[in-house]
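Hi there,

Here is the structure I promised to send over.

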Amino acid sequence: LLRIFTATNPEDFKAHIDAAPESLQLRLDSLSPSRYVRELRAPLVLIHAAFDPSIPAQQSIELAGAARANGFEPRLTLLQMYGHTYPTLPTLSIGSVMGFYIPETFRFVDVVNHVVASM
């Protein structure tokens with residue numbers, strides 16, 4: 001289980017899932033949010049760190065795909081940061097402010113505006 005959730009890319013994540021005991025694969029599959037997407041009664045807004053070392057962003061991409069396959073149009077935003085609960089952010093500099101902080105702030109604010117507008 002630890003190998004699954006410490007995978008650093010979608011290929012490793014899938015390889016570790018495939019190598020897990022069948023009982024664990026079935027349990028994880030039963031917990032997958034994609035199984036319950038038909039029951040959604042609100043807009044689906046997914047925000048994921050693109051370089052999340054704990055849960056690969058591919059999982060949110062696949063959930064968005066499952067939602068689309070069930071007639072929903074999810075809002076998926078992949079933020080360009082590293083980490084999971086405590087993201088690693090670039091050191092402050094003119095380059096990082098212009099190339100990371102400002103663009104990512106606008107992307108995040110856009111998601112917040114979308115959520116507020118759909119209420």
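Asp110 and Arg75 join their side chains in a salt bridge, with 2.2 Å from N to O (a salt bridge being a side-chain nitrogen of Lys or Arg within 4 Å of a carboxyl oxygen of Asp or Glu). Asp110 sits in helix α5 (residues 94-117) and Arg75 in strand β2 (residues 75-82), so this pair ties together parts that are 35 residues apart in sequence. Helices (H or I, at least four residues) and strands (E, at least two) are DSSP runs, numbered from the N terminus. Asp110 is partly exposed at 39% relative accessibility, and Arg75 is partly exposed at 22%. For these words, buried means under 20% relative accessible area, exposed over 50%, and partly exposed in between (1.4 Å probe, protein chains only).

Please keep in mind that this is a predicted model: local features need pLDDT of at least 70, side-chain atom pairs count only at pLDDT 80 or more, and totals for chains, interfaces and linings use all residues. Residues are numbered from 1 along each chain as its sequence is written, and side-chain values use heavy atoms, with hydrogens and water left out.

The whole structure holds five salt bridges. Another of them links Glu104 with Arg107, at 2.8 Å from N to O. These two are three residues apart in helix α5, a separation of about one helical turn. Glu104 is buried, with a relative accessible area of 9%, while Arg107 is partly exposed at 30%.

Asp29 and Arg35 also form a salt bridge, 2.8 Å from N to O. Asp29 is partly exposed at 38% relative accessibility, and Arg35 is partly exposed at 45%.

Best wishes
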